[in-house]
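Please look over the sequence and the structure shown here before reading on. The briefing that follows begins with the surface and then turns to other topics.

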Amino acid sequence: GLDRNDVYFFPQGMLPAMTKDGVAVLQGTTRANSLALSPDGNGGIYTALKKHGILDDMKKRRVVCCDAICVDNVLARPLDPGFVGCC
């Protein structure tokens with residue numbers, strides 16, 4: 001298996017939820033409504049890697065390539081031979 005020191009879990013960022021018309025979505029039913037948040041999308045991985053120190057750790061370890069697959073891509077092939085080495 002994998003060495004537990006080589007496996008990282010980190011949260012993705014959140015952004016205000018908006019309607020398709022650009023109106024902010026509120027959550028709650030009282031006068032103290034708050035802004036609803038939703039995940040920041042697939043591109044948010046880059047900000048999250050930086051924010052949680054993972055890019056610095058990768059640099060220390062001299063990582064030159066990594067394979068990242070978004071959780072909602074069920075047909076993705078981890079370490080697909082067609083993409084490995086395309087950094």
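How much accessible surface does the protein have, and what share of it belongs to carbon and sulfur atoms? The accessible surface comes to about 7800 Å², and 58% of it belongs to carbon and sulfur atoms, with areas taken from the Shrake-Rupley method with a 1.4 Å probe, where for residues only the protein chains shown count as cover. This is a predicted model, in which local features need pLDDT of at least 70 and side-chain atom pairs count only at pLDDT 80 or more, while totals for chains, interfaces and linings use all residues. Residues are numbered from 1 along each chain as its sequence is written, and side-chain values use heavy atoms, with hydrogens and water left out.

**Overall form**

- The protein has two helices and four strands, where helices (H or I, at least four residues) and strands (E, at least two) are DSSP runs numbered from the N terminus.
- Along the sequence these elements follow the pattern β-β-β-β-α-α.
- The radius of gyration, taken over C-alpha atoms, is 18 Å, whereas a compact globule of 87 residues would have one near 12 Å, by a rule of 2.2 Å times the number of residues to the power 0.38.
- Taken along the principal axes, the C-alpha atoms fill a box of roughly 50 × 30 × 25 Å.
- Of the 87 residues, 10% are buried, where buried means under 20% relative accessible area, exposed over 50%, and partly exposed in between (1.4 Å probe, protein chains only).
- Among the contacts (heavy atoms within 4.5 Å) with a separation of 6 or more, 37% are between residues 24 or more positions apart.

**The largest pocket**

- The largest pocket holds about 1100 Å³ of space; on a 1 Å grid over the protein atoms alone, a pocket is an open set of points where a 1.4 Å probe fits, with protein on both sides within 12 Å along at least five of seven lines.
- Its lining has 31 residues, of which Phe-10, Ile-45, Leu-49, Asp-67 and Ala-68 are the closest to its centre, a lining residue being one with an atom within 4 Å of a point.
- Helix 1 (44–51) and helix 2 (54–60) each supply at least two residues of this lining.
- The lining divides into 21 nonpolar, four polar and six charged residues, where Ala, Val, Leu, Ile, Met, Phe, Trp, Tyr, Cys and Pro count as nonpolar, Asp, Glu, Lys and Arg as charged, and the others, Gly among them, as polar.

**The loop between strand 2 and strand 3**

- Asn-33 is found in the loop between strand 2 (26–27) and strand 3 (34–35), and Asn-33 is partly exposed, with a relative accessible area of 35%.
- Not counting residues up to four places away in sequence, Asn-33 touches Leu-26, Gln-27 and Gly-28.
- Gly-28 lies in this loop too, and Gly-28 is exposed at 54% relative accessible area.
- The C-alpha atoms of Asn-33 and Pro-81, 48 residues apart along the chain, are separated by 49 Å, while those of Gly-28 and Lys-59, 31 residues apart, are separated by 43 Å.

**The segment after helix 2**

- Arg-62 has its place in the segment after helix 2, where Arg-62 is exposed, with a relative accessible area of 73%.
- Although Arg-62 is not a glycine, it has a positive phi of about 60°.
- Most residues other than glycine have a negative phi.
- Val-63 also has its place in this segment and counts as partly exposed, at 37% relative accessibility.
- The C-alpha atoms of Val-63 and Leu-15, 48 residues apart along the chain, are separated by 30 Å.

Notes: Grid points are joined across faces, edges and corners, and a volume is the space filled by probe spheres set on the points.
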